[in-house]
Amino acid sequence: MNPEERADCSEVVHRIYEYLDGEMTEQDTRKIAEHLSECGPCLKEHDLDQALKALVKRACNCEPAPEALRMQIMARITTVRIELSE
Ligand SMILES: [Zn+2]
């Protein structure tokens, strides 16, 4: 595969909110999905907490993030990962 068409870990973490929210193009969505399916521990190993903070901030622009919103985003990430691993 062309390396330019593959997402790396930092891109995945950086763009996970767009991915979860369905804001990406079909091509980008596929790129992220492929990466997550090949790179199981990606979010865990690559600053998941930092990514979460960025996501929460983008979602409600408040600090600190409300626990409910944090849980909601975690649940969505978990759902996506379960869907990919099945
Ligand atoms: Zn990765």
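**Helices and a nonpolar core: a conversation**

Reader: What makes up the secondary structure of the protein chain?

Author: The chain comes to 5 helices and 0 strands. Read from the N terminus, the order of elements is α-α-α-α-α. Please keep in mind that this is a predicted model.

Reader: Which residues make the contact of H1 and H2?

Author: From H1 come Val12, Arg15 and Tyr19, while H2 brings Thr29, Ile32, His35 and Leu36. Sorted by class, that contact has 4 nonpolar, 2 polar and 1 charged residues.

Reader: What does Ile32 touch, leaving aside residues up to four places away in sequence?

Author: Ile32 touches Ala7, Val12, Arg15 and Tyr19.

Reader: And what makes a group of residues a nonpolar core?

Author: The members must be buried residues of kinds such as Val, Leu and Ile, joined through C-beta atoms within 7 Å. In this model the largest such core has 13 residues, and Val12, Ile16, Ile32, Leu36 and Leu55 have the most contacts inside it. At least two core residues come from each of helix H1 (9-21), helix H2 (26-38) and helix H4 (48-60). H1 gives the largest share, 5 residues. As a general point, nonpolar side chains in soluble globular proteins tend to be buried together.

Reader: How much of the protein chain is buried?

Author: Of the 86 residues, 17% are buried.

Reader: Now to Gln72. Why does Gln72 count as partly exposed?

Author: Gln72 has 13 C-beta neighbours inside 10 Å. A residue needs 20 or more to be buried, and 12 or fewer to be exposed. A count of 13 lies in between, so Gln72 is partly exposed.

Reader: Where is Gln72 placed, and how far is its C-alpha atom from that of Val56?

Author: Gln72 belongs to helix H5, which covers residues 67-85. The C-alpha atoms of Gln72 and Val56 are separated by 9.7 Å, and the two residues are 16 apart along the chain.

Reader: One last thing: what share of the contacts with a separation of 6 or more joins residues 24 or more positions apart?

Author: Such pairs account for 58% of those contacts in the protein chain.

Definitions and conventions
Residues numbered from 1 in each chain as written. Predicted model: local features only at pLDDT ≥ 70, side-chain atom pairs only at ≥ 80, totals over all residues. Helix = DSSP H or I, 4+ residues; strand = E, 2+ residues; numbered from the N terminus. Contact = placed C-beta atoms within 7 Å. Nonpolar A, V, L, I, M, F, W, Y, C, P; charged D, E, K, R; others polar.
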